[in-house]
Protein chains: 2
Amino acid sequence: MSTPPRAPGGFPVVGVIGGGQLARMCAGPAAELSITLAVLAEAPDAAAALVTPFAPVGDHTDVATVRDFARHCDVVTFDHEHVPSDVLEALVADGVAVHPTPQALRHAQDKLVMRRALTGAGVPCPRWAAARSEADVVAFGDETGWPLVVKTPRGGYDGKGVLVADTVDDVRDWLAAAAERDEELLLEEAVPFVRELAVLLARSPSGQAAAWPVVETVQTDGICTEVIAPAPDLAPEAAEAATLVGLDIAAALGVTGVMAVELFELADGSVVVNELAMRPHNSGHWSMDGAVTGQFEQHLRAVLDLPLGSPRAREPWTVMGNVLGGEPTDLYPTYRHLMARDPELKVHLYGKGVRPGRKIGHVNVSGTDLTDLRERARHAADYIQGVIVE
Amino acid sequence: MSTPPRAPGGFPVVGVIGGGQLARMCAGPAAELSITLAVLAEAPDAAAALVTPFAPVGDHTDVATVRDFARHCDVVTFDHEHVPSDVLEALVADGVAVHPTPQALRHAQDKLVMRRALTGAGVPCPRWAAARSEADVVAFGDETGWPLVVKTPRGGYDGKGVLVADTVDDVRDWLAAAAERDEELLLEEAVPFVRELAVLLARSPSGQAAAWPVVETVQTDGICTEVIAPAPDLAPEAAEAATLVGLDIAAALGVTGVMAVELFELADGSVVVNELAMRPHNSGHWSMDGAVTGQFEQHLRAVLDLPLGSPRAREPWTVMGNVLGGEPTDLYPTYRHLMARDPELKVHLYGKGVRPGRKIGHVNVSGTDLTDLRERARHAADYIQGVIVE
């Protein structure tokens, strides 16, 4: 297909760079709103390419390829944060509407840029420092205590690019590798958090913002495995404070589209910012079934500068369970079993081949009994992964 | 694209004959479940073809075309009821799984076949008769009273193919036309109903059935303009009785997939069957946002003989307003305005060009205040149609 199939009536084309599950999950809402989705995909069988009529395959690091793709689009947005700055700047120079903007996106691409900006804006962060040398590391560790958290500023996700260092010896190889890339490392204190929360919001180019209820996220081996919406036992003032942190960041960084702010909740109820993502995010998958406006519809509305939809939760609780690849590769009989066991289960699969630990789907379940919902979401995710067999 | 793009993991391809909005609205749920949707479309810009990678254009009345399409599919189902019996029988003879089956579908294709079967099964119907002559019409009218309702058994929808006759003179032309086609007309008494209800349910080849809450439908000029879920002030026993009528019909006719039964509610609270549709139906559009399992997901599950999802309503009330084509053709600025006015509004547009009276979309809105919800759904639909300007 040589051009995206536009619907009559003046409806726009939203181009997504990257054909992963986040692009894929925009397809349903785009169809509902009569918006045409275009995807610059990594491969013909990329998750989003399987469900999108216009999904040319191309390299997102190649300026000419991305420019050619953007020509078909009224606005360009992202499935991931790995598009190089020079490619983004070339689009902007061409007059393409890019959301989030390259200036905003830098904060999600580089954790040092993010820490500097948030600290400058007065947003609560863990204590942090940039390090080039062993002396930098030792000085920071001696100040904040050991162990400390070491991060590569760029390219990390799902626990990758993160190291917990007990001594400077643990950091030596990473320092050498960073030096070769002429980069610094980010050092952060190991925050004694009581749990992890996330604020998900959308902000439009006009400056309208809408935040979903604050959620609790549960990580296992650095990967989000469960999200509870809303976060249980979170005092209304604490939820409001966390939401304001998110809204402050969005305004300070000029965010457009959906943004997730991962937070550590401390013993005194206050929060500090852990990570940022400027795109629909795992912590918001619950909203697809649990909220009036899901995060993928909201992202489309935000990047198009359409009025934002209501983030109201439709049910008292929604629990999301991430499905990671396990032993079983033949998933169709698996979900058949789950559907029979739990008719309320919402199964979302990404059309991806199974590889151990790969995010291949998620389940949502909503209702009034949180303990029961958590058990059911956990069971379903474990069953698809083959961790349990009935 | 020469074959439908299957997701890895053993997931099936569901082929839909017809590329209208009902096929289109299957696309989102299919992607979520990793099911590949294939569409035999009327044109490259058919509503469903705009959002489906595999949507060959072909004539649904041509056996060779439909056979070639079905070759790619694990199951074949329908966007409409106009596929000729011989085409369907050819597929079945080829060993293709067709749902609903040709035997069941006949009851939705021919209203006389439907009346005979329902009466035979003891399902409450208006008094009816088949007519070939003026004498038949006069005899029936004298028995049940005038006016009476005259229907062409085949091809009618949205008030087309229906005539209210005050005298036999009104029926003369229709009798002649029917005689030319060697068909009978269906005569029905004009039922003194107090309102119209609909039962929507799904039934799988294994015989599992699930019914959504009974809804009230409001028709204007023979076209459904509003649906209220659940039907207000319907006693639980009356709702149960209406649901049982639907379940009885589904079992008696061997229905597979989603079926809608349109009912007349009489003054004594009992119901009689008006019409049947064996596919997702306008009266079920509310379920896309208002129920745990929407009708398009449920139809996919049913025709694949997957366990059915919960039809539970997520909110106390959901109101659906149909959007018909009016004066405005440039709909994008229109819905922008509506989104700003009502962030809770769920807008569904079908990617179709505007023609006066054509169904081009619908809106859903859910909550606790029914009067308010009805006003908002009505406003949104009227605004898109250009009936009101603010």
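**Entry 1: T256(A)**

I began with T256(A), which is buried at a relative accessible area of 4%; buried means under 20% relative accessible area, exposed over 50% and partly exposed in between, with a 1.4 Å probe and protein chains only. The model is predicted, so I noted that local features need pLDDT of at least 70, that side-chain atom pairs count only at pLDDT 80 or more, and that totals for chains, interfaces and linings use all residues. Side-chain values use heavy atoms, with hydrogens and water left out, residues are numbered from 1 along each chain as its sequence is written, and chains are lettered from A and ligands numbered from 1 in the order in which they are written.

I located T256(A) in the loop between α9 (236–253) and β12 (257–265) of chain A. Helices (H or I, at least four residues) and strands (E, at least two) are DSSP runs numbered from the N terminus. Leaving aside neighbours within four places in sequence, I found T256(A) in contact with H99(A), P100(A), T101(A), R203(A), S204(A) and P205(A); contact means heavy atoms within 4.5 Å. The side chains of T256(A) and H99(A) are also joined by a polar contact of 2.9 Å. A polar contact is a pair of N or O atoms within 3.5 Å; within protein, one must be able to donate a hydrogen and the other to accept it, and residues adjacent in sequence count only if both atoms are side-chain atoms.

**Entry 2: annotated residues**

I looked up the "binding site" annotation in the unreviewed UniProt entry; V191(A) and N274(A) are among the residues it covers. UniProt positions are given in the numbering used here, feature names are shortened, and annotations may be inferred rather than shown by experiment.

Is V191(A) buried or exposed? V191(A) counts as buried because its relative accessibility is 11%. V191(A) lies in the loop between β7 (185–189) and β8 (195–203) of chain A. Not counting residues up to four places away in sequence, V191(A) touches P126(A), F264(A), L266(A) and V272(A).

N274(A) belongs to strand β13 (residues 271–277) of chain A and is buried, with a relative accessible area of 8%. Its side chain and that of K151(A) are joined by a polar contact of 3.2 Å. Not counting residues up to four places away in sequence, N274(A) touches several residues, including M114(A), E188(A) and E196(A).

**Entry 3: helix pairs in chain A**

Two packed helices are described by the angle between their axes and the distance between the axes. Axes are lines fitted to C-alpha atoms, for helices over the stretch in contact, and angles run from 0 to 180 degrees between N-to-C directions.

I found that α12 (residues 331–341) and α13 (residues 370–385) of chain A pack at about 155°, with axes 9 Å apart. α12(A) and α13(A) are therefore roughly antiparallel. Angles under 35 degrees count as roughly parallel, over 145 as roughly antiparallel, 65 to 115 as roughly perpendicular and the rest as oblique. Among the residues making the contact are L338(A) of α12(A) and Y383(A) of α13(A).

For α3 (residues 63–70) and α4 (residues 85–94) of chain A, the angle is about 40° and the axes are 10 Å apart. That makes α3(A) oblique to α4(A). V66(A) of α3(A) and L91(A) of α4(A) are among the residues in this contact.

**Entry 4: covered helices in chain B**

In α11 (residues 295–303) of chain B, nine of nine residues are buried. D305(B), with a positive phi near 60°, follows α11(B).

In α5 (residues 102–109) of chain B, six of eight residues are buried, among them P102(B) and L105(B). The cover over the buried residues of α5(B) includes α6 (111–120) and β13 (271–277) of chain B.
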